Amino acid sequence: MGIWQLSAARSFQLFGDMFNRVDTAEKVVALTFDDGPTPRFTQEVLAVLKEKDVKATFFLTGQEVTKNPQEAREIVAAGHELGNHSFTHPRLILTTYGKVKSEVDTTEAAIRSIGYTGPLTFRPPYGKKLVVLPYYLSERGITSVMWDVSPEDSSEIGASSDNIISHVADKVRPGSIILLHVMYKSRQASMAAVPGVIDALRKKGYTFVTVSELAKRRAK
Ligand SMILES: [Zn+2]
């Protein structure tokens with residue numbers, strides 16, 4: 001395994017606490033959204049989640065929280081969980097301690113400044129992490145949360161809402177963490193897939209929990 005593949009491996013980390021799914025017999029899943037918040041798309045996904053009565057977890061960048069604080073507040077007011085997705089969304093691999101600390105801490109401050117008081121995990125941009133990032137997160141006691149179901153990895157699947165829905169329905173397991181991006185215009189297929197993903201999983205008997213609720217089911 002090359003260093004690049006190693007840095008992106010979803011269930012491997014040199015040190016620090018990390019998980020990409022939870023071993024449980026209970027049919028629970030976490031729906032997670034990366035990036036943003038951005039205007040319009042935030043309101044659009046919040047309306048879907050409200051209609052379906054689902055609580056999700058949003059991994060936001062500090063930069064976009066600072067630019068769009070109103071959207072961030074709306075996510076919080078709707079009762080969803082927030083996560084830290086770095087400030088500028090860099091590839092945090094082969095980087096310095098100071099850069100990592102700044103990316104994590106400024107985002108945390110931005111998220112707290114809009115009034116969010118809930119649990120705060122970290123999701124590395126591009127899923128990339130190696131040595132310095134896990135070291136800093138473990139020093140701070142921050143858990144990294146990856147995913148095990150990501151339909152957008154394949155452009156063929158990611159371009160079609162129907163394909164996204166069937167991929168998620170096919171790959172999901174009890175304790176899964178699903179990753180979708182809905183905050184940009186280029187991700188319209190993902191946005192349009194959200195109601196169908198929720199319906200398909202409910203039909204299979206799943207209920208939706210946030211990442212921190214899922215984490216409570218981890219084996220001690
Ligand atoms: Zn991202």
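**Entry 1: N68 and its contacts**

I looked up the contacts of N68 and, leaving aside its neighbours within four places in sequence, found P37, T38 and P39; contact here means heavy atoms within 4.5 Å. The model is a predicted one, in which local features need pLDDT of at least 70 and side-chain atom pairs count only at pLDDT 80 or more, while totals for chains, interfaces and linings use all residues. Residues are numbered from 1 along each chain as its sequence is written, and side-chain values use heavy atoms, with hydrogens and water left out.

I placed N68 in the loop between helix 3 (62-67) and helix 4 (69-77). Helices (H or I, at least four residues) and strands (E, at least two) are DSSP runs, numbered from the N terminus. A polar atom of the N68 side chain lies 2.8 Å from the backbone oxygen of P37.

Is N68 buried or exposed? I noted that N68 counts as buried because its relative accessibility is 10%. Buried means under 20% relative accessible area, exposed over 50%, and partly exposed in between (1.4 Å probe, protein chains only).

**Entry 2: the zinc ion**

Which residues coordinate the zinc ion? I found D35 (OD), H85 (NE2) and H89 (NE2), at 2.1 to 2.2 Å. Donors are N, O and S atoms within 2.8 Å of the metal (3.2 Å for Na, K and Ca); water is not among the atoms, so sites may look incomplete. The spacing of the donor residues in sequence reads D-x49-H-x3-H. Both H85 and H89 are buried.

**Entry 3: Y126 beside H89**

I next followed H89 to Y126, which is 37 residues away in sequence and 8.2 Å away in space, C-alpha to C-alpha. Y126 sits in the loop between helix 5 (97-113) and helix 6 (132-140). Leaving aside neighbours within four places in sequence, Y126 is in contact with H89, P90 and R91. Its relative accessibility is 42%, so Y126 counts as partly exposed.

**Entry 4: salt bridges**

How many salt bridges does a search of the whole structure find? I recorded eleven. A salt bridge is a side-chain nitrogen of Lys or Arg within 4 Å of a carboxyl oxygen of Asp or Glu.

One of the pairs I examined is R123 with D34, whose closest N and O atoms are 2.8 Å apart. R123 lies in the loop between helix 5 and helix 6 and D34 in strand 2 (residues 28-34), so the pair ties together parts that are 89 residues apart in sequence. R123 counts as buried at 0% relative accessibility, and D34 counts as buried at 3%.

I then examined K99 with E103, where the closest N and O atoms are 3.0 Å apart. The two residues are separated by about one helical turn because they are four residues apart in helix 5. K99 counts as partly exposed at 34% relative accessibility, whereas E103 counts as buried at 3%.

For R187 with E152, I noted 3.8 Å between the closest N and O atoms. This pair links distant parts of the chain, 35 residues apart: R187 is in the loop between strand 6 (177-180) and helix 9 (188-203), and E152 is in the loop between strand 5 (144-145) and helix 7 (155-158). R187 counts as partly exposed at 28% relative accessibility, while E152 is buried, with a relative accessible area of 13%. I also noted that K101, D105, E108 and R140 are joined into one network by salt bridges that share partners.

Methods: Polar contact = N/O pair within 3.5 Å; in protein donor to acceptor, adjacent residues only side chain to side chain.
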